[in-house]
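Hi,

Here is the structure I promised to send over. Have a look at it first, and my notes follow below.

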Amino acid sequence: MTPMHQVRTVVRLWTRRFAWFLGVAFIAIAVIHLPHGIVRSAEPIPAPAYVGPPRSDPTEPFLIEPVSAGQPVYQAKWAFQPYWQAVTGYLKVLLTGQLDAHLRQGRIEVWPMIQKGLALSLRTLLTTLAAGLLLGTLVGALSLTSRLGRSISFLFALCGLSVPDFLLIIFGHIMTIWTYSHFGFRLWSIFGDGERGWLPPFLVLTIGTAAYTARLTTAAMDEVLREDYIRTARAKGVPEHRVLLGHALRNALPRVLNGVPAMFNASLSSLIIVELMTLTPGLGSIFARYTSSGTTATIVLIYSVWFLLMDSLTNSLRLLVLPQRTGGAA
Amino acid sequence: MNWPLALALLLLLGLVVLLLLPFVMAVPDPHMGVLVIMDGAKLRVPGYKPGEFGYLFGSDLVGRDIFGRIVYGARFTLGMALAVNLVRGLLAIPLGLFAGWKRGWLGRVVQALATGVGSIPTLIMVTICLAGLRPLILGDVAWLIVYGLVVVVAGIPRMAEHVRRRTEEVALLPHIEAAESLGATSGRLIWRHIFPVMVPDMLVMMATEMAWVLLMMAQLAIFGIYVGGTVPVIREGYPPRYVEWAAEWGQMLGANRWGFRASPWMGLYPGLALGLSAMAFHLLAEGLRLRGLRR
C-alpha cells in the first residue's frame, strides 16, 4: 500500500467516524427528548398505599405485596409539537451554552458543572488508561518470559476482568468502614482525601484497564505462538528473543490494537459507575444526578466524541504503522 | 488441567444449588417483612445486620430477609439474563452468518451497525433508551418487556459482527470450497458446513455475552434502572416507605445504592451474587476458549 493510499484510507476512516457521530447524536437527542412529548390531560392519581392485614402486634411479620386493584392511572398522550419544541430548544441551548436543570431546590446552571466534570473525568480517564495500559502491557509481557510468568499474567487478567468494578467499590467501602471501626482510620484517606479522593476511582479503573490489556496481549501471543511460522523460525535456529519480539509480538500487535476500542468502551462505562459510587463529581455523577434531558444529551455527545476519537486514532495507528493488516479497519 | 473451566463449573454448580435450594430446605419468604423486633427491653427497627435475629445476610429496611431474596431472586435474574441472551443469539447468529457468507451490502450494514452502536458506551446507550422510554411505558409487565428488548437490541450488532467476521474466516476453508463446487446451496453451506465449525466459538461468545448481560443489569441497577416496581409500606405515625417488591438481584442492588456506607450488606449480597455469576460465565468462556485452543 502506497503512502497516498494510506492517507486516503485514513481520511475515509475519519469521515466515516464523523458521519457515525452525526447519526449517533441524532438518535441520542431524538430518544432522550421523547418524554417531552407527553401531555397530561389529568394529574396522575397515586396508587393506593399498601395497608396490609390488620395487626395489633408490631413485631408480627407481615407480607409485603403490591395492591392488585387500582394501579396508578395516568391520563396522558404523546404529541409531536412539544417534543419538537424541546428538541429545537436543546439545539439552541447547545449553541449558546446555557444549559440548566430544574431540581426541587430550583433551577441550576449545569454547564459550569459539566465543564468542571469534563476536566475531572478526562483527567481520571486518561491517567487510568495510561497506567492501565502500562501495567497491562508489563503483565502481558510476563507471558513471554516463562511458564510461571504466563500463569501470573493469565491469572491477573482473568481476576481483573471477572470481578466487576462496582463490587470492588463496595469492598472498598466495607474495608473503609471496617478499618475505621477497628483501627480508627479510614482506608481510602491514607493516600487521598477520603472516599471522594482520587485513590478509589484510580485503583478500580486501572485494574480493569490493565486486566483487559494483559488479557489482549496474552491471548494474542497465545494464538500467535501456535502459528506455523513461529515453529519454522525456531526450527531454523532464530534466537528466542527475536522469535518473540520480531515475529510473535509484531504479529500480535494488530490483534491487541483491534481490542482497544472495546476496552475504551468498557472503561467509559466503568468510569460512570465508579464516579457515581465514589461520589466523584465527574461527568458520570452529573449524568446520574441532574437528569434533565439537556444534561443527559450533552454528556452522551461528549462520551461519543471521546469514543470516536479514540477509535479513529487506534485504527489510524493500525493503518499507518501496520499497513499490511488493514482488513476491516476503515 | 483447565483451571478456568473447573472453577467456572464449580461456580455454576453453586448457582444451580441456589436455584434448587427452596425445593430442599425452608428458605425465608422473600416478601415477609417486620416493623420492629424486641431486643431485650429495646425495640429494634430494621435493617438488621447479618447474623442478627436469625437473618443470615441481614435484612432490608422493612425487615425482609436478604438471604431469602437472594435465593428466590436467582430465578428471576438468571432467567432474565438467559432469556435476553437466547433472544440475542437467535437474532444475531443467523444475521451474522448470512452477512459473513453473502458479504456485500448486508456485511457492510452489520459492520456499520456494530461500529455505530459501539460508538456510545453500551451502558450510556441502554440508559438513554430506557430513561427516554420509561415515562411512556405504563405497567410493570410492559416495562419488563421493554427493558429486556432494549438490552437484547444493544448487544445484537456486536454479536452479529463477531459472527460475521468468523464466518468470513471459515468460508475460506477448503471443505467449504469443495462443498460449493459440488453444488451445495447457500443455506446448506451455512448450516451444514460453516456453522458446525463455528459451534465452539459460538459457545465462548454466548458465555461471554451472558456475563456482559449480568454486568449490564447490575450497572443499570446502580443507575436506578431495574425491572419490577415499588410498593408503599405504611407504618403507624410515619410517612409510607416505598420499597422494591420483586426479589431480583439488580433491583435489590439498585434500590439500596445510596446506602452502601450506612448498611453495606443490603447492596453487597446482591452485588456479590451478580458479580460471582458474571465471573462464572467469564471463566466458562475462558475455559471453553482454552479447551478449543488445546484441541
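Helices (H or I, at least four residues) and strands (E, at least two) are DSSP runs here, numbered from the N terminus. On that basis chain B has nine helices and five strands, and reading from its N terminus the order is α-β-β-β-α-α-α-α-α-α-β-β-α-α.

Before the rest, some housekeeping: this is a predicted model, where local features need pLDDT of at least 70 and side-chain atom pairs count only at pLDDT 80 or more, while totals for chains, interfaces and linings use all residues. Residues are numbered from 1 along each chain as its sequence is written, chains are lettered from A and ligands numbered from 1 in the order in which they are written, and side-chain values use heavy atoms, with hydrogens and water left out.

Back to chain B: its C-alpha atoms fill a box of roughly 85 × 50 × 30 Å along the principal axes. Of its 295 residues, 55% are buried (buried is under 20% relative accessible area, exposed over 50%, partly exposed in between, with a 1.4 Å probe and protein chains only). Counting contacts (heavy atoms within 4.5 Å) with a separation of 6 or more, 71% in chain B join residues 24 or more positions apart.

Over in chain A, have a look at helix α2(A), residues 80-96. Its buried residues are A:Tyr83, A:Ala86, A:Val87 and A:Tyr90. After α2(A) comes A:Gly97, with a positive phi near 80°.

Cheers

How values were computed
The expected span of a helix is 1.5 Å times one less than its number of residues.
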